[in-house]
Each structure stands twice: as structure tokens, then as C-alpha cells.
Amino acid sequence: DTEGLLRIKEENQKHYRRAQRHQEKKEKIQRHNRKLGDLVEKKTYDLKTQYEHLANLRRSHILELTSVIFPIEEVKTSMRDPADVSSESDNAMTSSTVSKLAEARRTTYLSGRWVCDDHNGDTSISITGPWIILPNNGDYSAYYNWVEEKKTTQGPDMEHNNPAHTISAALCYATQLVNTLSLILDVNLPKKLCNRQVNTAGESNLSRHRFTRAVKKLNANILHLCFSQHVNLDLLHPLHTLRNLMYLVSPDTENLGR
């Protein structure tokens, strides 16, 4: 029994010494983990600082791009409200007629259905100049009408202020700006769209399907950029091409450059 007790004591001492070594290793590993945790925290802070610096650089580049090369502005139109016109020209017009005219002014017949548009007739959005604008409600019927006329009319188009030309130019500039913004922001666009697909001012044989498809691609890319920069969703509309783009590059967009 005495010999067995001695063997047990020797084994316990070995286990105790081994436990001490394990405890030392545990403490060493804990100290190493703490150092790594401090290093990761410092690197995370440095990375966050670099991201903020990069976001500020992107923001400054975008604001410079949209102020010098691609300025986007809201242009007021001269159309007057039916209520104001009726009060001055025809005192016999009833209030119900005025309200119906106001309601009709805020709606547009687009692609076989009536679309409500609060900005219709009030303002337009221009790009690179006040003469290059797009309809607020996404109604490009002026372009379709021009294409139909070009199919039946021979000879060059002598109208420099043709709305079809301004629509094509605005869409082309918007596509250039969106492609440039995707490079600056390092955001991959969901739809591949080149300038040639929307620069169609000289193509009378362009089908309405191809034109509509290109516009939808452009709107999808703009919305994707807006989502990536956390633009307020209440401001966005699927058909408002330049207005959505204006909200995206606005100095009031807090997360621009993220």
C-alpha cells in the first residue's frame, strides 16, 4: 500500500507540473490573443479612416465632375396652373372644372395607361445645359413621333431644337455620367450600356423596343447607384432618369462616396 501511495504521489506531481506548463501556455496564448486583438482594432480603425478619406476623395471628384462637365439642374417651365389662368380669363368657369384641369395636368398617358406625375409641366431636369432636358414623367413619345416622321420624310432634319435630339443627347450624357460614376465609386453596374446604344439622334430605323430597352437599362443602373449610396428611397422614381441622377450626385447626399 505504501509503494502504491508513493506511485500515486509521483503521478500527481507529474500531472501538477504538466498542469503548470499548460497554464503557462494558456497565459501566453491569452497575451498573444490580446496583442492580436489590439492590432486588429488598430487596423480596423485605420481601415475605417482610409475608407472615410477615400469616400471624401470620391465625393470631391463627383461634385467636381457634376459641376464642371455634367451639371444637372432643375429648370422651371413657363406653364401656368389652370386655376390661375381661369381666374383671369374666364370667370364663369366652375371650381369643379378647374380641379379637373389641375388633375389632368398632373397625369400623363404613358404606354397605354395614365400615369400620375406631380412634376409634370412644372419643372424639368437638364444636363450639361438648360436646353438639354428630359421629360420628368419618362414620356419619350416626342422621340417616337420623330422616328415615325423620319421614316416617311425624306431629306435632312433641319430642326436644331427638335425634342428628339435633346432627348437623345440627354440620355447619352446621362449614360456617360453613370459609367464614370461607377468607376469612381467602384460599383459594378447591373446592366451593360454603352453610349452608342442611346446616342440615336441620327438613326431613323431604331425600333421603339430597342430604345425603350436602352432607357430601362439606364434607369436600372441609376437606381443601383442610388441604392449603393443610400439615397432616400422616398425621393426616387423608376421613370425619373435625370431627377434620380440629380439626387444621387447632390451635395446633400450624406453617404455619397461610400
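My entries below go from the whole chain down to single residues.

**Ground rules**

I am working with a predicted model, where local features need pLDDT of at least 70, side-chain atom pairs count only at pLDDT 80 or more, and totals for chains, interfaces and linings use all residues. I number residues from 1 along each chain as its sequence is written, and side-chain values use heavy atoms, with hydrogens and water left out.

**Overall layout**

I began with the elements and found eight helices and five strands in the chain. Helices here are DSSP runs of H or I with at least four residues, strands are runs of E with at least two, and both are numbered from the N terminus. Along the sequence I read the pattern α-β-α-α-β-β-β-β-α-α-α-α-α.

Next I looked up burial: of the 258 residues in the chain, 32% are buried. Buried means under 20% relative accessible area, exposed means over 50%, and partly exposed is in between (1.4 Å probe, protein chains only). The chain exposes about 17,300 Å², and carbon and sulfur atoms supply 52% of that area. Accessible areas come from the Shrake-Rupley method with a 1.4 Å probe, and for residues only the protein chains shown count as cover.

I also checked contacts, meaning heavy atoms within 4.5 Å. Among those between residues at least 6 apart in sequence, 66% join residues at least 24 apart.

**The core**

Which residues have the most contacts inside the largest nonpolar core? I got Leu171, Leu181 and Leu245, in a core of 41 residues. The elements giving two or more residues to this core are α1 (2-68), β4 (123-127), α4 (141-152), α5 (163-185), α7 (208-228) and α8 (241-248). The largest share, 10 residues, comes from α5. For the record, a nonpolar core is a set of buried Ala, Val, Leu, Ile, Met, Phe, Trp, Tyr and Cys residues joined through side-chain atoms within 4.5 Å.

I then listed the partners of Leu245, leaving aside neighbours within four places in sequence: Ile72, Ala174, Leu177, Val178, Leu181 and Ile222.

**Helix α8**

I found an open sheet of three strands in the order β1-β4-β5, with antiparallel pairing. Its edge strands, β1 (72-76) and β5 (133-134), each pair on one side only. Two strands pair if DSSP finds at least two bridges between them, and β1 and β4 have five. Lys76 stands opposite Thr123 in β4.

**Salt bridges**

How many salt bridges does the structure hold? I count two, taking a side-chain nitrogen of Lys or Arg within 4 Å of a carboxyl oxygen of Asp or Glu.

- Glu74 and Arg243 form one, with the closest N and O atoms 3.6 Å apart. This pair links distant parts of the chain, Glu74 in strand β1 and Arg243 in helix α8, 169 residues apart. Glu74 is partly exposed at 38% relative accessibility, whereas Arg243 is buried at 4%.
- Asp46 and Lys42 form another, at 3.2 Å from N to O. Being four residues apart in helix α1, Asp46 and Lys42 are separated by about one helical turn. Asp46 is partly exposed at 29%, and Lys42 is exposed at 52%.

Is Asn221 buried or exposed? Asn221 lies in helix α7 and is buried, with 2% relative accessibility. Beyond four places in sequence, Asn221 is in contact with Val178, Leu189, Pro190, Lys191 and Leu193.

I flagged Asp186, which is not a glycine but has a positive phi near 60°. Asp186 sits in the loop between α5 and α6 (195-198) and is exposed at 60%.

His230 also has a positive phi, of about 60°, without being a glycine. I found His230 in the loop between α7 and α8, partly exposed at 47%.
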